[in-house]
Amino acid sequence: MATDTPAGQSPSRGKRADAQRNRQTVLTAAAEVFVTSGVDAPIRQIAARAGVGMATIYRHFPTRADLVTAVYRHQIEACAEAGPNLLASADSPLDALRQWIDLFVDFLVTKHGLADALQSDHDRFAALHAYFLDRLLPVCAQLLDAAVEASDIRPGTQPYELMRGIGNLCVGRDADPRYDPRRLVALLLRGLQLPHAS
């Protein structure tokens, strides 16, 4: 009897894996579309970017708020997982911190649009903000500690201060195409460095 699932894998497990892959593809596509077109972008635009039908999106995310919330959580997780990976693969703790801050800025640029979309559901947004802090503060702390231990940056910078400062520098980027927060974030990071750090 022919089967279209891998050997030793039940059809239901294969379907679950396909559904999970579709969900991740939709979340990645939605995040990209939200950056360029905002969180009110047509669902068909997200479906086209993901290469799935609109029914697939609605099956996973019945409302736009569900999709926005899931994108937010997905990006938090990607940013959280990147920290330890960068520490393991980057040339130095300072390089890992730089790369992670770059990812964090990418996240924040999208987050402003997501936050606006969630303002109508305060409880949902408050829970997401708490999740954001719970997941990302320890990662930022780990990166800062490693850079301090390597004598790349000055000690004493608190993770919350750094993340809040970067967040404040990213405010207004959507409203002014002449403003590039990355330039000021780079200056902020340079200010943390010890003179010998490259």
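Predicted model: local features only at pLDDT ≥ 70, side-chain atom pairs only at ≥ 80, totals over all residues.
**Overall make-up**

The protein has eight helices and zero strands. Read along the sequence, the pattern is therefore α-α-α-α-α-α-α-α. The protein has 198 residues, and 37% of them count as buried. Its accessible surface comes to about 11100 Å², and carbon and sulfur atoms account for 53% of that area. Contacts can also be sorted by separation in sequence. Among those between residues at least 6 apart, 68% join residues at least 24 apart.

**A buried isoleucine**

Ile-46 is part of helix 2, which covers residues 43-50. Is Ile-46 buried or exposed? The relative accessibility of Ile-46 is 0%, so this residue counts as buried; the cut-off for buried is under 20%. Leaving aside residues up to four places away in sequence, Ile-46 touches Val-26, Ala-29, Ala-30, Val-33, Phe-34, Ile-57 and Leu-67.

**Aromatic rings**

A pair of aromatic rings is described by how far apart the centres are and by the angle of the planes. The structure holds five aromatic pairs. Two of the pairs are set out below.

| Pair | Centre to centre | Angle between planes | Arrangement |
|---|---|---|---|
| Phe-104 and Phe-132 | 6.2 Å | 20 degrees | stacked |
| Phe-107 and Phe-132 | 5.7 Å | 15 degrees | stacked |

Why does the pair of Phe-104 and Phe-132 count as stacked? The planes of these two rings are at 20 degrees, and planes under 30 degrees apart count as stacked. The pair of Phe-107 and Phe-132, at 15 degrees, is likewise stacked.

Where do these residues lie in the chain? Phe-104 is in helix 5 (residues 93-118) and Phe-132 is in helix 6 (residues 122-149), so their pair ties together parts that are 28 residues apart in sequence. Phe-107 also lies in helix 5, so its pair with Phe-132 in helix 6 ties together parts 25 residues apart in sequence. Phe-104 and Phe-132 are both buried, and Phe-107 is buried too.

**A charge over a ring**

Arg-73 lies over the face of Tyr-131, at 3.9 Å from the ring centre.

Notes
Residues numbered from 1 in each chain as written. Heavy atoms only, no water. Helix = DSSP H or I, 4+ residues; strand = E, 2+ residues; numbered from the N terminus. Buried < 20%, exposed > 50% of the residue type's maximum accessible area, 1.4 Å probe, protein only. Contact = heavy atoms within 4.5 Å. Phe/Tyr/Trp six-rings, centres within 6.5 Å; stacked < 30°, edge-to-face > 60°. Lys NZ or Arg CZ within 6 Å of the ring centre and 35° of its normal. Areas by Shrake-Rupley, 256 points an atom, 1.4 Å probe, with all protein chains shown as cover.
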